[in-house]
Amino acid sequence: MIRTTVKKIYMALIFIFLYAPIGTLIVLSFNASRTRAKWGGFTLKWYTALLENREIMQALWNTLLIALLSSLTAVVIGTVACIAIQGMSRQKRAIFMGITNIPMLNADIVTGISLMLLFISLGLKFGLGTILLAHITFNIPYVILSVMPRIKQLNPSIYEAALDLGATPLRAFFQVVLPDLLPGILSGFLMAFTMSLDDFIITHFTKGAGVDTLSTKIYTEVKKGIKPEMYALSTLIFVTVLILLMLVNRTPEEKRIPDK
Amino acid sequence: MKNHKLSRQMMAAPYTAWIILFIVVPLGMVFYYGLTDKTGAFTLENVLDIMSAEHAKALWYALGLSLISTLICFLLAYPLAMILADREGNAKLNRHSLILLIFILPMWMNFLLRTLAWQTLLEKTGVINRILEFFHLPSLQIINTPYAIILGMVYNFLPFMVLPIYNALVKIDPNVISAAQDLGANRLQTFLRITFPLSLGGVISGITMVFIPALTTFVISKLLGGSKILLIGNVIEEEFTLASNWHLGSGLSIVLMLFIILNMVVSAIFDKEGEGNML
Amino acid sequence: MQKELINLIDISKSFTKEKVLDELNLNIHENEFLTLLGPSGCGKTTTLRILGGFITPDSGRVMFDGQDITNLPPNLRQLNTVFQKYALFPHMNIADNIAFGLKIKNKSKSYIQDKIQYALKLVNLDGYEKRMPDSLSGGQQQRIAIARAIVNEPRVLLLDEPLGALDLKLRQDMQYELIRLKNELGITFVYVTHDQEEALTMSDTIVVMNQGYIQQIGTPENIYNEPENAFVADFIGDSNIIDGIMLEDRLVAILGAKFACVDTGFGQHTPVDVVIRPEDVELVSPGEGTLPGIVTHLIFKGVHYEMEVMAGGFEWLVHSTSMFAVGTQVDIRVDPFNIQIMNKPESEDEEAVSLEES
């Protein structure tokens, strides 16, 4: 009894630690005062101001666009790469997986500057395109990491069985193999999307002047003071995701069979 | 069959091209810039510049703060991972949603904003000090000090410690724990001789996943440390964005990578099985 | 019988409202090989885990040598368990696995060394000290699990389906091995299995369980030859279970024919279940037996032929060393001693009757 109480208190403390800043931001989004130092009464004006703030809306659009495009591209390249890697010899596979893991093991700052050096020497114009390339690069490992285990579990006979029953290789892949990989692909996509959305460091080194994602926008605002509209936007995103997660989580919970 | 192999090779082609262009070549460029001077001649000067008083101090600070943060993360995360992994205790709580709540959901609130929010909480007249004041407790003056940076590091990287330890713990066969008790081990003995050794792989992954980003961060120190404390990450960032001395920045990055490789070697020695407990 | 060592008294246990054990009573004697036998979900593993101390019963008491150990944690109990999938410590070599319990008890180095040697010899695996568990085969891991348990000199060894993960040949070898071990050690074995053959081969006493109730307790011969209800008869070996009517003492009507039997005391014209083992059904030429029929299936099984005979509207399973081709007209005859009469359960619930050991 005491043990479970201690456990609950501990969990609660960790929870407060992780969510105190989030709670603070949500409160600030309703703060009528422009500075975050003092409470100026309740207001919804930042939420209406948000819609008219073109810079923030543009940054939001850039962020979502890059997250979506980079994770989709990463899913395609990553999944094909998984299939290819699985068919390689042990040695070759080790080399490929080793290189694949570099962006995850290496420091973000090093990945960021290395890509910056590359883009400069290639003479690319810094902007959405360079950010996108950088995000695809660090997203692919997350896709491979979630798809690879499913490919390993895949029974090679099902692909052959489909061919045996007269399907063309392409049809066999799309109708038989892909559905089996789908859960891995989906979780890889979600992970990549989240990582892209939350990234600051790599974007910081690969973005061009005048092109901002939410992260870089916030970073440039730090010195001037964050616009309260930003708090309103964060609150909206957070609450949306919270509701989505609750909806998604509700369904399997009922079906769950208690262990033992 | 030959046809089959050919198509596999074709499938590998785009990815091979991608990783060469976007992973191998860029890293090569960091090494090239780091080991040359402005004329393009080979030099170790950029790397050795880490010895200069200013840079050595930044590296020293970064190492100290990230090690302390890693230790705190470990101490906080292990009990949490154990609670999450406890099969019997959590029958009612849906573990899956708990983990989502703890790890994934906060990431959807921008990491810079979350870190900035600690300013509001920690300031002289911030939320925490008002609460302390209310209870007539001494106020907490840690904003713009190394303590605030440690707090920011722990706050940001704690999930990366919990997750691998949790994954290692749930993989342990519950019968192995029962067997230890059956053979006479009490709770503490079971933990020290069975549970902890079996979770070591997860602990090592966790240490890597906290230590590396903490060592190399420039954002947390900038947001919570005021402008007084420079970490090695801040120095490198400024070489690229303000000073535009890419050679020096790359040279210092090579030093950072040496620490990353050192960390990987140490991990490999401790975790012989080398299983990816990362995710 | 030796003296009683363990008494389970009125043990009940539920998991999330589902009752797994209902007022179970069981006595285990010293030096007995007792097998808990039943289909999955019958409560046999729960009973074993209550004995081991991993589960506390909702009500009832566990007595060990006269002492109440119901709430004693597993590490303080004088019994050791051999777990279903071996549960060897994967990060320790074989010697360290076996030494685990002894090190906890602070035994001397030389004592531990001797014990390891002794245990490895006992399970025929000398020289394996430095190997890691995952480098051993399933059968070898199982032996190590047994060695690890017995070096602690438990008074009772609990075995939870220890042969379940092994293949057939190995399983049969291990059955002999376990009987040998039991005789060498001279301790009590409590064995859990769903495999009736295993139970019949090794046990002194079999406890047949279903749906949380004990169905029958007895020697293997006893359980096989005189099942007390249809569940036991059906679960142990193949059998023909037929509706019958007890006309009077020593005479039962089955499928319209009258069979002589040896049972008495069922009253007159009482509906009963009749159990006849397939090897007890004799096939004879038409006119020489009690019930006429026709052979419908025939399979050669090696030791005997397995046949199905349609007689009196019932498909009889017959094992016989003589062959009757499909389509042959035969008569069925059964020795009165081989007919087992059982009361019909009065309601659905009573199909799982709770039986106290008498």
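**Exercise 1.** At roughly what angle do the axes of helix 10 of chain A and helix 5 of chain B cross, and within what distance do they come?

Solution. The model under study is predicted. Step one is the geometry: the axes of helix 10 (residues 214–224) of chain A and helix 5 (residues 111–122) of chain B cross at roughly 30° and come within 9 Å. Step two lists the residues that make the contact: helix 10 of chain A supplies Ser215(A), Ile218(A), Tyr219(A) and Val222(A), while helix 5 of chain B supplies Leu112(B), Leu113(B) and Leu116(B). Step three sorts them by class, giving six nonpolar residues, one polar and no charged.

**Exercise 2.** Describe the crossing of helix 4 and helix 6 of chain A.

Solution. First, the axes of helix 4 (residues 90–105) and helix 6 (residues 128–153) of chain A come within 8 Å, at an angle of roughly 115°. Next, the crossing of these two helices of chain A is left-handed. The contact joins Thr100(A), Asn101(A), Pro103(A) and Met104(A) of helix 4 to Thr137(A), Phe138(A), Pro141(A) and Ile144(A) of helix 6. By class, five of the contact residues are nonpolar, three are polar and none is charged.

**Exercise 3.** Which helix of chain B gives the largest share of the side that touches chain C?

Solution. Begin with the totals: 15 residues of chain B are in contact with 17 residues of chain C. On the chain B side, the elements giving two or more residues are helix 8 (174–182) and helix 9 (187–216). Helix 8 of chain B has the largest share, with six residues. Finally, this side of chain B divides into seven nonpolar, six polar and two charged residues.

Notes:
Residues are numbered from 1 along each chain as its sequence is written. Chains are lettered from A and ligands numbered from 1 in the order in which they are written. This is a predicted model: local features need pLDDT of at least 70, side-chain atom pairs count only at pLDDT 80 or more; totals for chains, interfaces and linings use all residues. Two residues are in contact if their C-beta atoms, placed from the backbone, lie within 7 Å. Helices (H or I, at least four residues) and strands (E, at least two) are DSSP runs, numbered from the N terminus. Ala, Val, Leu, Ile, Met, Phe, Trp, Tyr, Cys and Pro count as nonpolar, Asp, Glu, Lys and Arg as charged, and the others, Gly among them, as polar. Axes are lines fitted to C-alpha atoms, for helices over the stretch in contact, and angles run from 0 to 180 degrees between N-to-C directions. A crossing is left-handed if the near helix is turned anticlockwise from the far one by less than a right angle, and right-handed if clockwise.
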